[in-house]
Amino acid sequence: MRWERGRGGSGRGKPVLYCNESRTIFTAPVYSEMTGRNARSKTQLTVQQRESQCRAKWTTSLTMIMVDVMVDEVHKGHKQSKSFSKKGWKCICNEFHKRTGLTWERERLKYRYAALRKLFATMKLLLDHTDFTWDEITGLVTATDEAWDRYIKDHPDAETIRSTGCPFYKGLTVIFADSGTCNGSTMHKDRLPGSTPSQEELSCSDSEEGPDSNEQEILQSVSSPPTDTCRKRGRRKGVDGAIARAISEMAAASRLRASAITKCNDNFTITDCIRALDELEGVNDQVYYAALDLFNNDAAREIFLSLKVGKRLTWLIGKLSGPP
C-alpha cells in the first residue's frame, strides 16, 4: 500500500491523501487526526505497561529466573567475592529483561540479591542442625513440629522457610559460595606467596569488572543485625503463631464434637421415634401428641429409642405427667 499526495478534483481546496490501491481519499486534517490518535494510544499503552511493571512483585518463579541468571554469570567469572562486577550486573539486568519482559532497574535487582544473601545465610544456619533436611525435589525443609518450634523460638526469620521452603537453595549455594576477595583480605588459594597475581585477580581493579560502588551499602542495609524492636517483633510473632495453632486445635476439636453430635442425632431421629410410637399399644391421643412435642429434645429421643419396647409407654407417661 502506498500513499500519494494530491489535490481535490477541482484543483482547489484542501490537500488530500489517498491510497493508490483502494483509492480511499482522506483530507490532510483527517489524516493528521488519525496519526495523532495512533501516537496517543501508543503513549498510553507505554504508560500502562510501566505502571503494570512497577506494581509487579517478586514471585517464586521470578526469583528462580534471577537465580538462574546469576548462576550463569558466576560460571562466566563475573563475580568476585561478595559482589558481581559492573559487567556482570549489566548482563544480569539484560538477561532478566529478556526472560521476563520486565524492565526493572538495577537497584531493584540488587535489593533482591541482598535479600537472597540473607535467606541463604538463614538456610545454611538452619541446615547445620541435624534435625532439618532440605528436599531438592520439593524445595521444602523437613523436620518435626517440635524441632521447628524450638528453632523458630530463637530464630524467627526461619518462620517463612517452614511454610514455603527454599526451592532455589541449590542455586544460592553456587552464587554465595566462599571465594577470594579483591581487597587483599583473602588471597587466591592456588597462588603461592610472593608470586605474581593472575590476570583474573587483577581484573577486579578494572572499572568494568570491579564491583558496583553502592552494592555494599545495599547489602549492609538488608543484612544489618536486628534491632531490639525487630527482636520484640520476632518474639511477638512466635507468640502469635502459638496462639493461632491453639485456636486451630480448638476449632478442630469443636468440629469433631459437632460431627459426633450430628452422627448421634442421625441415629435417633424424630421419624424413628414416631414410627416406634405408632407400634405401641394403648397410647391415647393426649399422650401421643404430647410425645411428639417431647421428641424435639435430642436426649429424650435417644432415651425413648434405647428403652425396651415394653417400657417405652411407661416412661412416656411418667415423663409427660411429671413436673415440666
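This is a predicted model: local features need pLDDT of at least 70, side-chain atom pairs count only at pLDDT 80 or more; totals for chains, interfaces and linings use all residues.
Colleague: How many helices and strands does the secondary structure of the protein come to?
Modeller: Helices (H or I, at least four residues) and strands (E, at least two) are DSSP runs, numbered from the N terminus. On that basis the protein has 14 helices and seven strands.

Colleague: What percentage of the 324 residues count as buried?
Modeller: Buried means under 20% relative accessible area, exposed over 50%, and partly exposed in between, with a 1.4 Å probe and protein chains only. Of the 324 residues, the buried share is 25%.

Colleague: Which residues have the most contacts inside the largest nonpolar core?
Modeller: A nonpolar core is a set of buried Ala, Val, Leu, Ile, Met, Phe, Trp, Tyr and Cys residues joined through side-chain atoms within 4.5 Å. The largest such core has 33 residues. Two or more of its residues come from each of helix 2 (60-75), helix 3 (86-100), helix 4 (106-127), helix 5 (145-154) and helix 7 (169-175). Those with the most contacts inside the core are Met-70, Leu-109, Tyr-113, Trp-148, Leu-172 and Ile-175.

Colleague: Is helix 3 roughly perpendicular or roughly parallel to helix 4?
Modeller: Axes are lines fitted to C-alpha atoms, for helices over the stretch in contact, and angles run from 0 to 180 degrees between N-to-C directions. Helix 3 and helix 4 pack at about 100°, with their axes 10 Å apart. Angles under 35 degrees count as roughly parallel, over 145 as roughly antiparallel, 65 to 115 as roughly perpendicular and the rest as oblique. The angle therefore makes helix 3, relative to helix 4, roughly perpendicular.

Colleague: How many charged residues has the contact of helix 3 with helix 4?
Modeller: Contact means heavy atoms within 4.5 Å, and the residues making it include Lys-86 and Lys-90 of helix 3 and Arg-106 and Lys-110 of helix 4. Ala, Val, Leu, Ile, Met, Phe, Trp, Tyr, Cys and Pro count as nonpolar, Asp, Glu, Lys and Arg as charged, and the others, Gly among them, as polar. Six residues of the contact are nonpolar and none is polar, while the charged residues number four.

Colleague: Which residues is Thr-63 in contact with, leaving aside its neighbours within four places in sequence?
Modeller: Thr-63 lies in helix 2 and is buried, with a relative accessible area of 1%. Apart from neighbours within four places in sequence, its contacts are Trp-58, Arg-112, Leu-116 and Phe-168.

Colleague: What distance separates the C-alpha atoms of Gly-171 and Asp-68?
Modeller: Gly-171 is found in helix 7 and is in contact with Val-67 and Val-71, leaving aside its neighbours within four places in sequence. Gly-171 and Asp-68 are 103 residues apart along the chain, yet their C-alpha atoms are separated by 6.9 Å.

Colleague: Is helix 11 oblique or roughly parallel to helix 13?
Modeller: Residues making the contact include Cys-273 and Ala-276 of helix 11 and Phe-304 of helix 13. The axes of helix 11 (residues 270-279) and helix 13 (residues 298-306) come within 10 Å and cross at roughly 40°. The orientation of helix 11 to helix 13 is therefore oblique.

Definitions and conventions:
Residues are numbered from 1 along each chain as its sequence is written. Side-chain values use heavy atoms; hydrogens and water are left out.
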